[in-house]
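Please keep the model open while reading.

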Amino acid sequence: MQLNIADSWKNILQSEFDKPYFRSLVNFVKDEYNKTACFPVEKDIFAAFAACSFNDLKVVIIGQDPYHGVGQANGLCFSVHDGMKHPPSLLNIFKELESDIQKPVPISGDLSYWATQGVLLLNATLTVRAHEAGSHQKQGWETFTDAVISKISEKKEGVVFLLWGGFAQKKGKKIDAKKHKILTSGHPSPLSANRGYWFGNKHFSKTNEFLESLGKSTIDW
């Protein structure tokens, strides 16, 4: 498993990489990728940490699993490769963007341009078997991503955490709410959004208002 991450993350996360659970996780992932089709491709497993350096980090969005359809997952939560059809949750994210800050729905579903501005697009589980949602859960990824969130909370200040849906909100227990801004809403999936738990949360404008209040550059969503 290739640890393609920005240098600024290496010192932060090295202690996790050295732990027995992570070594077991690496063995599991290697075995899965050797046996069957898994996503994202191996070089993109840690894409969230390659695209957004720890030093530049301003916003964290927490997803659950990578997309499990062929060619979709690119290692950033909710994001797909350029040219792929927008999955329903991503389309609802773009619809809220349009409503909130009047940005037209983008043609591309690749969110790399968010990541390079300091948005960590973190899935709780970084790999998945093709066409089997949740197939790599409870193998150690959740322990790793909990540690990532804890370290961000501990070592940074004034980070905006966008927690969409119950799963992400459970991960939010690792965040010091006195040091950081936590925004919660329903998940952008059609099931949640169509029940009125997603649209109108205005998380994109609220994030920028908070960053501006701290004198930080805002995100060009």
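This is a predicted model: local features need pLDDT of at least 70, side-chain atom pairs count only at pLDDT 80 or more; totals for chains, interfaces and linings use all residues.

Residues are numbered from 1 along each chain as its sequence is written, and side-chain values use heavy atoms, with hydrogens and water left out.

**Cavity**
- The count is 1 cavity of 30 Å³ or more. A cavity is a set of points, on a 1 Å grid over the protein atoms alone, where a 1.4 Å probe fits but cannot get out.
- The largest cavity holds about 50 Å³. A volume is the space filled by probe spheres set on the points, which are joined across faces, edges and corners.
- Its lining (residues with an atom within 4 Å of a point) includes Pro-40, Phe-49, Gly-75 and Leu-126.
- Strand 3 gives the most to this lining, with 3 residues. Helix 3 (47-51) and strand 3 (119-123) each supply at least two. Helices (H or I, at least four residues) and strands (E, at least two) are DSSP runs, numbered from the N terminus.
- The lining of the largest cavity has 7 nonpolar, 2 polar and no charged residues. Nonpolar covers Ala, Val, Leu, Ile, Met, Phe, Trp, Tyr, Cys and Pro; charged covers Asp, Glu, Lys and Arg; the others, Gly among them, are polar.

- The largest pocket has a volume of about 500 Å³. A pocket is an open set with protein on both sides within 12 Å along at least five of seven lines.
- Of its 27 lining residues, Gln-64, Asp-65, Tyr-67, Ser-89 and His-187 are the closest to the centre.
- Strand 2 (59-63), helix 4 (88-101) and helix 7 (166-171) each give two or more residues to the lining of the largest pocket.
- By class, that lining divides into 14 nonpolar, 12 polar and 1 charged.

**Helix 9**
- Buried residues (under 20% relative accessible area, 1.4 Å probe, protein chains only) of helix 9 (residues 203-213) include His-203, Phe-204, Phe-210 and Leu-211.
- Gly-215 follows helix 9 and has a positive phi, near 80 degrees.

**Aromatic rings**
- The structure holds 18 aromatic pairs, meaning rings of Phe, Tyr and Trp (its six-membered ring) with centres within 6.5 Å.
- Tyr-113 and Trp-114 have ring centres 6.2 Å apart and planes at 70 degrees, so the pair is edge-to-face (over 60 degrees; under 30 is stacked, the rest tilted).
- Trp-114 is buried, at 1% relative accessibility.
- One aromatic cluster includes Trp-9, Phe-17, Phe-54 and Trp-141.
- Lys-156 lies over the face of Phe-54, 5.1 Å from the ring centre (NZ of Lys or CZ of Arg within 6 Å of the centre and within 35 degrees of the ring normal).

Note on methods: Buried means under 20% relative accessible area, exposed over 50%, partly exposed in between (1.4 Å probe, protein chains only).
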